[in-house]
Amino acid sequence: MAPRILFFGTGAVGAGYLWILSRKVPAENLVAVCRSNFDAASQHGFRMNSTLWGEFTYRPAVVRSVDEAAALDPLYPFDYVIIASKAIPSSPSTAQLIRPAIAKGTSIVLFQNGIAIEEEYSKLYPKNPVLSTVVYFPATQTSPAVINHTELETLLIGTYPADAPAWHAEAARNLVQLVIDCGATAKHHDDVQPQRWSKLLINASLNPICALSRSRDLQFLESGHEAQEVMRDLMAEIVAVAQAYGYSNLSQASVDNGIERVKNRKPPGVEPSMQTDAQAGRNMEVDAILGNLLRLAREKGVNVPILRTTYAYLKALDASFTRSRQGGNFS
Ligand SMILES: NC(=O)C1=CN([C@@H]2O[C@H](COP(=O)(O)OP(=O)(O)OC[C@H]3O[C@@H](n4cnc5c(N)ncnc54)[C@H](OP(=O)(O)O)[C@@H]3O)[C@@H](O)[C@H]2O)C=CC1
Ligand SMILES: CC(C)(CO)C(=O)C(=O)O
């Protein structure tokens, strides 16, 4: 039987994977919780402009809240609740907001960047599978329900924690197979944390640098002599933290590869999701991507002066967005 799937947060990544899954999952089994893009998505559907799949419009079932989604068919619970909102603190938290959709066998799937973000879900839902993913899907929601996607799509999935019960791993494998059956790329990992750290190397360096400099990654690299050195040094600090936690898959070679990938981008380069948020004056994933990393560095006594400085500037920029939204003085 086809699984029933709820998307919580249907922006760049959520709308992309919602469309991918719609290739095999019947429309009545897919529901998307939308917020600011609800009107656009419900009236016109999602417009996808993808360098891989072309340009098209897709109209899934959209609702305004998890309560509404859960009420659609109370006798038929969701097999997967996919969280594709930004990992940003809120009250109530996202983990609390999804409660109406969580039944006995529901897997909670985090399609989110950052490190050490799974804990709250596994504490609140200790018996449910918590699946952690790494999403390679460069995309931007350029206006409500309009998504631009470029370059690649790959999803890596594993349980949290890695030694979760066998049926949690089976839920992860089934989702991998479903994504593959839908014609996209996915892989199961017995322990996905090394892959999360590899992605963090990119997100904790490129995302804040691009957000703070209002430059795409290639634009920043080409902006001056110091730029490449700063990016390289920040990446080296992230590698040092990863290694302190035993993630030997990260090394100086990962830094070299990371820099080379940016250099080889098609101009003007990639706009990381944090840059999109900064340019729109929206809150950014400061703690999920940098704050947690800084805390982990401190716990192991790793010296990370550039990371610390980057975090401080980013946190202050983020606070300025909050002030400005609350009607306070921006300057
Ligand atoms: N974009 C990218 O290239 C990539 C992003 N990622 C990661 O994927 C995750 C999602 O990023 P991305 O798709 O870019 O984010 P977007 O900002 O494009 O989309 C997030 C969506 O979640 C919605 N949302 C947030 N809170 C709620 C809520 N309480 N109820 C309903 N909807 C809500 C937002 O609505 P609203 O507009 O109202 O805030 C928005 O539509 C992040 O962790 C990001 O770091 C990973 C790989 C690539
Ligand atoms: C690496 C990148 C830029 C695209 O996959 C990303 O993860 C993001 O935009 O947050």
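## Alanine 116 and the model

With 16 C-beta neighbours inside 10 Å, alanine 116 counts as partly exposed; the scale calls a residue buried if 20 or more other C-beta atoms (placed from the backbone) lie within 10 Å of its own, exposed if 12 or fewer, and partly exposed in between. Alanine 116 sits in the loop between β7 and α5 (119-124), and its phi is near 60°, a positive value in a residue other than glycine. Element names follow DSSP runs numbered from the N terminus: helices are H or I with at least four residues, strands are E with at least two.

This is a predicted model, where local features need pLDDT of at least 70 and side-chain atom pairs count only at pLDDT 80 or more, while totals for chains, interfaces and linings use all residues. Residues are numbered from 1 along each chain as its sequence is written, and chains are lettered from A and ligands numbered from 1 in the order in which they are written.

You'll find arginine 214 in the loop between α8 and α9 (217-221), and it is exposed, with 11 other C-beta atoms within 10 Å.

Then there are the cis peptide bonds. One runs from serine 91 to proline 92, with omega near -5°, and proline 92 belongs to the loop between β6 and α4 (94-97). Another joins proline 267 and proline 268, with omega about 5°; proline 268 is in the loop between α11 (252-263) and α12 (273-279). For context, most residues other than glycine have a negative phi, and most peptide bonds are trans.

## The eight-stranded sheet

Eight strands form an open sheet in the order β5-β2-β1-β6-β7-β8-β11-β12, with mixed pairing. Two strands count as paired if DSSP finds at least two bridges between them. At the edges are β5 (61-63) and β12 (186-188), each pairing on one side only. Neighbouring strands are turned by 25° against each other on average, direction ignored; axes here are lines fitted to C-alpha atoms (for helices, over the stretch in contact), and angles run from 0 to 180 degrees between N-to-C directions.

Zooming in on one end, β1 and β2 pair in the parallel sense over four bridges, with alanine 32 of β2 as the bridge partner of phenylalanine 7.

Contact here means that the C-beta atoms of two residues, placed from the backbone, lie within 7 Å. Helix α6 (residues 166-181) packs on the sheet too, touching β6, β7 (107-110), β8, β11 (154-160) and β12, and its direction makes about 170° with that of β11.

How covered is α1? Mostly: ten of its eleven residues are buried. Among them are Tyr17, Leu18, Trp19 and Ile20.

Of the 25 residues around ligand 1, Gly9, Gly11, Arg35, Ser36 and Asn113 come nearest, where a residue is near a molecule or strand if its C-beta atom, placed from the backbone, lies within 6 Å of it. The largest share of this shell, three residues, comes from α1. By class, the ligand 1 shell divides into eleven nonpolar, eleven polar and three charged residues.

Ligand 2 has a shell that includes Asn113, Tyr136, Phe137, Ile202, Asn203 and Ser273. This shell draws at least three residues from each of domain 1 and domain 2, and α7 (193-203) and α8 (206-213) each supply at least two. What classes make up the shell around ligand 2? Seven nonpolar, four polar and no charged residues.

Terms used. Nonpolar A, V, L, I, M, F, W, Y, C, P; charged D, E, K, R; others polar. Domains from an automatic or database assignment.
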